[in-house]
Structure formats: structure tokens, C-alpha cells
Amino acid sequence: MKQFIHNIQLLALMAGLVLLYTACNKDDDGGTPLVSYVRVMDPASADSLLIGAGQGNMVAIIGENLGKAKEVWFNDQKAYLVPTYITSTSIITVVPSNIPENISNTMRIIFSNGYVLSHPFETQISKPTMSSMFSEYVAEGEVATIRGNYFYEPLTVTFAGGVTGELVSVKDEEIQVTVPEGAQPGQLIVKTNFGETKSNFWFRDNRNIVISSDPFTGWWNEGFVVTDPGPEDPVKINGNYIRVHETIGSWTWKEVAGGPNYAMGDISKNIPDEAIIKPENYNLKFEVNTLKPYNNNMIKLNFGLPNDFNNDNYLWAPPIDTKGKWQTIVIPFETLTKNFGTLTVNPDGYWTRVLFHGAGELDADISFDNFRVVPKTLK
């Protein structure tokens with residue numbers, strides 16, 4: 001129904017454009033129909049001829065003796081026609097958005113006398129795209145959720161390591177797939193009949209981790225580190241993780257993790273030089289799991305300073321509630337560091353801090369893992 005309404009809306013736009021493509025006389029001369037070319041509907045681009053068009057695009061079919069056309073097909077999908085927009089010299093229609101089962105890259109026009117006119121024309125169907133995962137860390141046998149678009153079945157999801165996952169569900173903008181045995185950290189590949197795409201993110205992204213609990217380093221709260229989860233703890237996703245399970249009072253100063261570079265050790269050097277020079281090209285990512293909602297107080301994040309903390313630059317504000325599932329959080333690195341002034345590359349590493357400090361008492365049960373600074377786009 002949504003697509004039908006969309007087509008009606010597109011065809012309604014033709015009213016203001018149709019005179020650009022129609023002849024004054026709508027009577028055929030009795031000759032054999034022919035298609036001279038297909039063009040776009042935009043008057044500013046009226047000289048742009050097409051050998052194909054994307055799904056849902058409006059096109060004008062220009063030719064001779066077209067007035068008795070009754071049907072137009074793109075591959076095996078029938079286009080919606082309005083008789084008003086069919087004349088001797090033009091047919092205005094919309095390329096169907098439905099996915100063809102048999103791809104011939106041919107447009108067919110069927111006339112009232114049974115004559116069929118074929119014309120080469122490609123319906124340009126988008127290859128899949130991937131924008132993110134609900135969680136970039138998912139264990140073997142568990143279900144991963146991939147977000148994107150143009151997920152047309154039949155479809156495969158291949159993990160680094162060359163193993164293919166079993167599909168659980170496929171929607172227009174979401175895939176759920178069981179993580180197979182042997183899946184490794186790295187890019188995903190989604191493949192359909194219309195192309196394949198590598199993700200711009202890594203599954204189980206282990207690059208450039210700057211706060212980790214494997215092993216614990218830093219100044220604060222080694223007691224928050226979970227090494228052997230019990231039945232009431234979140235499951236492990238990448239070794240040890242941090243769990244804060246206590247009441248945090250309004251404006252209580254509660255450090256969770258981090259420290260100066262000399263206290264963090266070599267992990268403090270994992271922020272790439274390019275992220276310091278061009279922070280707009282990077283994201284801070286981490287996984288979070290809330291057994292109780294993060295709905296009060298404030299979390300302050302410090303990453304990227306060579307010799308100090310800046311406790312009020314980036315405030316990761318509530319609310320968030322993952323309902324006991326691990327979820328990947330993405331923060332543009334330039335947003336996090338925008339008030340630091342000019343960032344400076346430091347071969348000795350960078351200071352880091354995750355800190356609760358804000359208004360409102362929080363009944364906290366929140367876990368963290370895998371703080372990392374990674375490229376937005378893979379080269």
C-alpha cells in the first residue's frame with residue numbers, strides 16, 4: 001500500500017510536466033510504434049537520455065505511435081500507467097520499485113491490438129548498504145543485527161574468516177543473522193543478486209582499544225572489573241568488562257576507569273596520530289549494557305589529551321536502556337574533542353577517564369567494554 005501511494009504521488013507530479021513531452025495531436029497515425037529514447041522528467045535535464053533508471057524514478061518514453069499503449073513492463077514488473085499521460089509521442093510513468101525475479105534489462109510496451117514493443121532498458125537496483133550493527137560484538141551462535149538498506153533476498157552475510165551466517169530475518173533496513181563458528185574480527189560482506197558491499201565498520205572491532213580490562217590498568221576502580229561473570233552479570237563479549245552496580249548520588253564524583261598515560265601503559269598509545277590530526281575522520285566507540293536504565297546523573301568522557309583531563313568537554317547524557325543487551329555506542333571523535341583546543345600528537349600516549357558526575361541520583365547497573373578510536377571510513 002505504501003508503494004502504491006508513493007507511485008500515485010509521483011504520477012500526480014506529472015501534471016505540471018506533461019506538456020513538455022506531449023504532442024498537440026493525441027491520435028496515432030496508424031504506423032508501427034517505436035521508441036526513440038527515454039529521458040528524465042526534470043525540465044532542467046530534459047536533454048539527458050537514459051539507458052536505465054533506478055527504482056521509483058519517473059521517466060518519459062519518447063517515440064511514435066504510442067497512444068494505444070495499455071501496459072508498460074520493466075523486466076517482469078508492471079508499471080503504473082495513467083491514460084492522461086499516454087500520447088502518440090510519449091508515455092510518462094514510474095519505474096516499479098518492486099524487485100524483479102527475472103532480469104532481462106528490457107522494457108516492454110503492450111498495445112491494445114496485442115502488439116509488443118521491446119526496448120533495452122536497465123532497472124538499476126541498488127546493491128546493499130550497511131550503516132551499523134546494534135552491537136559489533138556478538139558471540140558465536142548468537143543473533144547479530146545489521147542495519148542498512150536494499151537487503152533484497154536471496155542474500156548472504158559473510159564474516160571475516162570466510163564463514164557465512166544463517167539468516168534469521170530480513171527486512172528492508174535490517175538483517176538478523178546467527179554468528180557462525182569461525183567468525184573473526186573484521187569487515188562483513190552482504191551480497192545480493194544486485195551486488196555486494198563490505199561494511200565500513202568491523203565486527204568485533206579490536207582496533208585501537210584505549211580502555212580495556214584485559215588486563216586492568218589505570219588509577220581507578222579495579223573492583224568494577226568483571227572477570228568471571230555470575231548468573232546475574234551480563235555475558236562476556238570480549239574478555240573482562242567494567243560493571244558499575246551501585247547508587248550514585250547527585251553530583252557524586254565517581255571515577256569508573258582510566259588514568260594518565262603513564263598509569264594506563266602502552267594501551268594509552270592506541271589513539272592513532274591521524275585521529276589527533278583529523279578527528280573528524282574518527283569515531284569513539286564502546287559497548288554498553290544496562291540492566292537498569294541510565295536515566296539520571298551524567299557520564300563524562302575524556303579521550304585524546306596528552307597531559308591532562310577535561311572533565312566537562314563531552315557529557316554523555318541519559319537516557320539509554322539496552323534492557324540487558326550489549327549495544328555499540330558511536331560518538332564522533334571531533335564532537336568529543338571539539339573544546340580541547342588544538343590537539344597534539346603525543347608518542348607517550350593520552351590520558352583517559354570515564355566519570356560519573358551530574359545532577360540526580362542514579363540507581364546504576366551499567367557495564368562498559370572496548371573503548372576504541374576507529375576510522376569512520378575504511379580505505
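View 1. At 12% relative accessibility, Trp220 counts as buried (under 20% relative accessible area; exposed is over 50%, and partly exposed lies in between, with a 1.4 Å probe and protein chains only). Please keep in mind that this is a predicted model, where local features need pLDDT of at least 70, side-chain atom pairs count only at pLDDT 80 or more, and totals for chains, interfaces and linings use all residues. Residues are numbered from 1 along each chain as its sequence is written, and side-chain values use heavy atoms, with hydrogens and water left out. Trp220 forms an edge-to-face aromatic pair with Trp219, at 5.7 Å centre to centre and 85° between the planes. Here, rings of Phe, Tyr and Trp (its six-membered ring) pair if their centres lie within 6.5 Å; planes under 30 degrees apart count as stacked, over 60 as edge-to-face and the rest as tilted. Trp219 itself is partly exposed, at 45% relative accessible area.

View 2. Helices (H or I, at least four residues) and strands (E, at least two) are DSSP runs, numbered from the N terminus. Tyr262 is exposed, with a relative accessible area of 59%.

**View 3. A cluster of rings.** Look for Phe286, Tyr294, Phe303, Trp316, Phe356, Phe368 and Phe371, which ring pairs link into a cluster. In total, the structure has 18 aromatic pairs.

**View 4. Strand S17 and its partners.** Strand S17 (residues 184–192) pairs with strand S13 (residues 156–160) in the antiparallel sense over four bridges; strands pair if DSSP finds at least two bridges between them. One of the bridges joins Ala160 to Gln184 in S17. Strand S18 (residues 195–198) also runs antiparallel to S17, joined by four bridges, and Lys191 has Glu196 in S18 as its bridge partner. S17 and S18 form a hairpin with two residues between them.
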